[in-house]
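Trainee: Hi! Could you walk me through this one? I'd like to take it piece by piece.

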Amino acid sequence: MEYEKKQFKNKTELAKALNIGSRKTLYERAKKNNVDLDKLEFDEEELSYLSGKRRRPIETHGEQSKEHKETIDKHKEQSRYTKETQEIAELKAQLAGKDELIEELRKDKADLSKKLDENQQSLKSLLTQQQLLTLHNNNVTEEQGEAVDGDFEETEQPTQEQEQTDKPKKHWWNIFN
């Protein structure tokens with residue numbers, strides 16, 4: 001859409017037409033909205049920007065907005081890079097902590113495995129000793145059983161009558177001897 005353009009003789013005439021009291025205000029508005037004051041011919045849209053009724057969107061600004069956008073983009077990129085660098089450092093620290101934990105767990109596993117092996121060897125040794133003692137006890141019990149059984153058959157217990165006859169008789173005249 002093409003707007004009708006108005007021609008001005010100088011910047012003072014432009015400022016009066018827009019009811020702007022100072023040249024500084026005119027130049028600031030022109031700079032913010034990327035309007036070239038030297039051409040002295042403006043369409044309705046440019047005049048509304050200069051009068052302060054409208055502002056040009058940032059993305060449609062000329063070179064200044066591109067520079068501004070590039071600066072913002074660089075700042076965002078730097079901020080993102082810094083954040084990612086911090087996250088990487090935190091992740092590395094977490095990994096180092098987990099590596100230490102894994103190493104401690106490996107050492108604990110090795111210690112427990114060694115203790116388990118020692119306990120299994122002790123258990124085997126104790127079982128072997130138990131079996132030997134059981135065999136020994138069985139042999140001793142069998143030998144004692146044979147000896148006890150044989151003793152009863154070979155020796156008889158004396159009866160009361162035999163005990164009395166085996167003892168010498170005591171007579172009253174032996175008292176004085």
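Trainee: Is serine 48 buried or exposed?

Mentor: Serine 48 is buried, because its relative accessible area is 14% and the cut-off for buried is under 20%. Keep in mind that this is a predicted model.

Trainee: Which helix does serine 48 lie in?

Mentor: Serine 48 belongs to helix H3, which covers residues 44–51.

Trainee: And what does serine 48 touch, not counting residues up to four places away in sequence?

Mentor: With those set aside, serine 48 touches Lys53 and Arg54.

Trainee: OK, on to the helices. At what angle do H2 and H3 pack?

Mentor: Helix H2, residues 23–32, packs with H3 at about 125 degrees, and their axes are 8 Å apart. The two are therefore oblique to each other, and H2 passes H3 in a right-handed crossing.

Trainee: Which residues meet there?

Mentor: From H2 you have Leu26, Arg29 and Ala30, and they meet Tyr49, Leu50 and Ser51 of H3. By class, that contact has four nonpolar residues, one polar and one charged.

Trainee: New topic: how many aromatic pairs does the structure hold?

Mentor: One. Phenylalanine 8 and phenylalanine 42 form a tilted pair, 6.2 Å centre to centre with 45 degrees between the planes.

Trainee: Where do those two phenylalanines lie?

Mentor: Phenylalanine 8 is in the loop between strand S1 and helix H1, while phenylalanine 42 is in strand S2, so the pair ties together parts that are 34 residues apart in sequence.

Trainee: Is phenylalanine 42 buried or exposed?

Mentor: Phenylalanine 42 is buried, with a relative accessible area of 0%. Phenylalanine 8 is buried too, at 9%.

Notes:
Residues numbered from 1 in each chain as written. Predicted model: local features only at pLDDT ≥ 70, side-chain atom pairs only at ≥ 80, totals over all residues. Heavy atoms only, no water. Helix = DSSP H or I, 4+ residues; strand = E, 2+ residues; numbered from the N terminus. Buried < 20%, exposed > 50% of the residue type's maximum accessible area, 1.4 Å probe, protein only. Contact = heavy atoms within 4.5 Å. Axes fitted to C-alpha atoms, helices over the stretch in contact; angles between N-to-C directions. Parallel < 35°, antiparallel > 145°, perpendicular 65-115°, else oblique. Left-handed = near helix turned anticlockwise from the far one by under 90°. Nonpolar A, V, L, I, M, F, W, Y, C, P; charged D, E, K, R; others polar. Phe/Tyr/Trp six-rings, centres within 6.5 Å; stacked < 30°, edge-to-face > 60°.
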